[in-house]
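Biologist: I would like to go through the labels attached to this model and hear what each one rests on.

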Amino acid sequence: MFRIRRLFLTLPVLSLLLSLTACQTVLYTELSERDAMEMIAILLQHGISATRLIAKDGSSTVEVSERHVADAVSILRSSHYPRNGYDSMDKIFQQQGMISTPMAERAKLYYGISQELGHTLNDIDGVIDARVHIAPAASDPVTGVDKPATASVVIRYDSGTAVSGLLPKIKLMVANAVQDLAYDRVSVILLPVAVAHLAPVQTEWMSPLGWTGWFFAFAFPAGYGASLLWRRFRRKPVPTTTELAIVPREAA
């Protein structure tokens, strides 16, 4: 009897956990907090529920229902998510190799500058992705002629925004960030991209497996409680006749 009672108490909990967690599938991992929240907002606007999990290293993971993985990937891809990541200066110079040479440290410095510039440009409203490539000033080992520093910037942006009007400011920012880089040595390529606006996806409130879990979570306690009441009702004696007490009158 005790085992049956314990089964009735634990089975609803397991069913409830099954209904809440069994249908979730990892969509993307190692995301920044900003990208994860923006992706969840886009999915919610299209009727797809999504959750965010935080890993030990601080990165984020986005999960959706297994039935909506294909729709979620299509929606995020049309919105150009997830975005490309950028390395910070701290992360670049924390990478220690076997031998550190002045040339290697110089290459790390310019790589870090290009990453920081790309990250800054990516924060501009309407910019989808930004890449900066820097060629530092160097001397030709054959001819001995000094080559000036150059930089190339490639920006993919939403065609519905006015990013193209910022071209002079973008060139000025890149030129001022790199040593000995002239303004006219910065080339910028702007690539307009049409951001698709998909219709909301018609989704169900819960999958069949989730409905099953919720059903067992409530049906078992209700059935168990009804059985206890029925047993208690059957054990209670029910009077079949009503006895009337007759008190004789005292003689006068």
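**Labels and their grounds**

Modeller: In this predicted model, 28% of the 252 residues of the protein chain count as buried.

Biologist: Why is T61 called buried?

Modeller: The cut-off for buried is under 20% relative accessible area. T61 has 13% relative accessibility, so T61 counts as buried.

Biologist: Where does T61 lie, and which residues does T61 touch beyond four places away in sequence?

Modeller: T61 is part of strand β3, residues 60–65. Leaving out residues up to four places away in sequence, T61 touches V26, Y28, T29, T51, R52 and L53. A contact requires heavy atoms within 4.5 Å.

Biologist: What makes β1 and β3 a pair?

Modeller: Two strands pair if at least two bridges are found between them. β1 and β3 have five bridges, in the antiparallel sense, so they meet the criterion for a pair. In this pairing, Q24 stands opposite S65 in β3.

Biologist: In what order do the strands of that open sheet come?

Modeller: The order is β1-β3-β2, three strands with antiparallel pairing.

Biologist: Why are β1 and β2 said to stand at the edges?

Modeller: β1 (24–31) and β2 (50–54) each have a single partner strand, so one side of each has no neighbour in the sheet. Neighbouring strands of this sheet are turned by 25° against each other on average, direction ignored.

Biologist: Which helices lie across these strands?

Modeller: Helix α2, residues 33–45, lies across β1, β2 and β3 and runs at about 165° to β2. Helix α3, residues 69–78, lies across β1 and β3, at about 30° to β1.

Biologist: How do you know that β7 and β8 pair?

Modeller: Strand β7 (residues 150–158) and strand β8 (residues 186–193) share eight bridges in the parallel sense. The criterion asks for at least two bridges, so β7 and β8 count as paired. D158 stands opposite V193 in β8.

Biologist: What makes β7, helix α6 and β8 a right-handed unit?

Modeller: With the strands pointing away from the viewer, a right-handed crossover has a path from the first strand over the helix to the second that runs clockwise. β7, helix α6 (residues 167–177) and β8 make a β-α-β unit of that hand, right-handed.

Biologist: How many helices and strands are there in the protein chain?

Modeller: The protein chain has seven helices and eight strands. Of its contacts with a separation of 6 or more, 66% come from residues 24 or more positions apart.

Key: Residues numbered from 1 in each chain as written. Predicted model: local features only at pLDDT ≥ 70, side-chain atom pairs only at ≥ 80, totals over all residues. Heavy atoms only, no water. Helix = DSSP H or I, 4+ residues; strand = E, 2+ residues; numbered from the N terminus. Buried < 20%, exposed > 50% of the residue type's maximum accessible area, 1.4 Å probe, protein only. Axes fitted to C-alpha atoms, helices over the stretch in contact; angles between N-to-C directions.
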